[in-house]
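Here are some notes to read alongside the structure.

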Amino acid sequence: MNDENEIERTAARLKAALGAAATVMVVRPALERQRVEREFEGVKRVRGWLIPLAAAASVVVIAVGAVAVAHLASPDGTRPAGARGGSPAAAQATRPEYYLTATYPATGPNVLQFQVRRTDGGAVTSSRTISGANVGWGGYLTAAAGDRAFYFAKYPCIQTGIPDTTFYRITITNSGRISGFAPVGRPVKGMVTTLAVSPDGSAMAYNALEKACATGGLTQPGAASVSVADLSTGRVRTWQDTDATQMTLASRLSWTPDGRTLVVDESVRGGLRGGLTVYGLDPASSGGSLQAHSTTLLRPGADCSTCVKTALAGPDGSLIALQSPAAGKPGRTVIVRISSTAGRHRTVLFDGPLQNPGLFTDASGQWVLLWPAQSVTAGWISGGRLHPLPGVGPVNPQGIAW
Amino acid sequence: MKPSTYPGVSLDEAFRLHGAELVRVAAFILGDRGAAEDVVQDVFVRVYERTELLGGDPQFYLRSAVINGCRTMLRRARLIRRHAERQGQQSACPPLTTEEAMLLDEDRKRVLAALTTLSRRRREVLVLRFYLDMSEAEIARTLGISPGTVKSTAARGLAALAKQLREAS
């Protein structure tokens, strides 16, 4: 039991600690009005030419939706064999039939539940639970193309030392039942916060933050690093940002449907939302410098007119991107398809009143999932609308993939 | 107590008066500097588009908006939650860079680390009370709760903090 003096001493210690921390905490001058104005000037320019593009985009997306509906109307309702030995283009035509979620209950991270659900109706077709103390907060789900496999990275959140991340492969049958759940690849040192699997399922790309899970916020004292592990040989190649002037982080990875390029979202830690640079890395290269083996797909301009928060590989060499709120509309979400490497040709796929959604795509890059922060409902985009994905409920979702 | 109202304040003034303070408040609550700056930036971007939001009590609006932004951030980002909300997995001094943390003595680091183990509501109340020196009534208005809840939350938060510190020593 605390006595009154102890409480008073604690209050005094807290006040002193907060005051001291505030004194030493240097808030960067980037938070200046001029920066905000510049970003909004960028918005105005973007908006001006986005209007006719948005109209055109709606026609395109509706057409795509019509094709998808036609495919969904097939008697068996199954998706084609996909990219593993097949044409990636074939896999693009049909909306994924199932999606997988990983959730923790409200009580904490001691149970991790995977559920497979039908995209239509949200019925649970299969589930699997991992129990045990501290199975690890979070994880990253992704899906490989066409072979009904999902991948998940998991690490224990420990306070001291660098955790190891273990990868799992979850396979499902044509009827949506989990048919396999097993570790894949070798565990890696560090926290893997983004994971992408090649379309043929032969390689995994990941970042690995070599730091204790519970310390230091999201700041990584180093350069962005991306590794690709060959799942058959175990060989690992690593590329690292060679720009020593800034602290960077590989925040999202995605593989193009043809498997030839790994799209790397690089954030400048602590930077404003204009800081995202998107590289197209050649995953067949030997490793080494990220810049030397990549082309720059997107770089924020001085006016932030091309700022994005997330960019993922889309179909036909495009990027599917979530525009930064400042570059889009505050309080709204704008998803665009960027069809040129210069980032100039943008097609609006969705523009709606959502706050801070997570952006996900299927392996074809065509089917886009949004996971809004302030809603329990995730959804997929078609025809400029967000169609709810039932079953992504109010239970600490940790990952979603389809 | 800092002044509570600035009639007719411009965005320039709001930035100058409140920008850094709001980042610090958000950093203490979120336990993550980058996320804190994002939250504050979002608030000011919103204000830039709707300057009338500053027409009433700008300090109240900005603080409330930042608190709400922190809540959204905590709900959204599993990484943030992992780093900052997990009971018993606090960082040594999460809102600060390594260089900044080196400037603090160990006791203050311990207190800041213990603060991150408290629930979101308790952190909010304690940060507003002991960093911004807000009264119970002001905290109640900012958080949209009753003064009684503020009082009890602060008391329980301090007790929990004392317990954490006692066990850590």
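**Notes on a hairpin, its neighbouring strand and a helix pair**

1. In the hairpin of E9(A) and E10(A), five residues lie between the strands, and Gly201(A) takes a positive phi near 75 degrees. This comes from a predicted model.

2. Strand E9 (residues 195-197) of chain A pairs with E10(A) in the antiparallel sense, over three bridges. Within this pairing, Ala196(A) stands opposite Ala205(A) of E10(A).

3. E10(A) also pairs with strand E11 (residues 225-230) of chain A, in the antiparallel sense and over four bridges. Here Ala205(A) stands opposite Val228(A) in E11(A).

4. Which way do the residues of strand E10 (residues 203-206) of chain A point? Ala203(A) and Ala205(A) point one way, while Met204(A) and Tyr206(A) point the other way. All four of these residues are buried. In a regular strand, side chains alternate between the two faces of the sheet.

5. In chain B, helix H8 (residues 136-143) packs against helix H9 (residues 147-168) at an angle of about 105 degrees, and their axes are 8 Å apart. Angles of 65 to 115 degrees count as roughly perpendicular, so H8(B) and H9(B) are roughly perpendicular to each other.

6. On the H8(B) side, the contact is made by Glu136(B), Ala137(B), Ile139(B) and Ala140(B). H9(B) contributes Pro147(B), Val150(B) and Lys151(B). By class, the contact has five nonpolar residues, two charged residues and no polar ones.

Key: Residues numbered from 1 in each chain as written. Chains lettered and ligands numbered in written order. Predicted model: local features only at pLDDT ≥ 70, side-chain atom pairs only at ≥ 80, totals over all residues. Buried ≥ 20, exposed ≤ 12 C-beta atoms within 10 Å, placed from the backbone. Helix = DSSP H or I, 4+ residues; strand = E, 2+ residues; numbered from the N terminus. Pairing = 2+ DSSP bridges. Axes fitted to C-alpha atoms, helices over the stretch in contact; angles between N-to-C directions. Parallel < 35°, antiparallel > 145°, perpendicular 65-115°, else oblique. Contact = placed C-beta atoms within 7 Å. Nonpolar A, V, L, I, M, F, W, Y, C, P; charged D, E, K, R; others polar.
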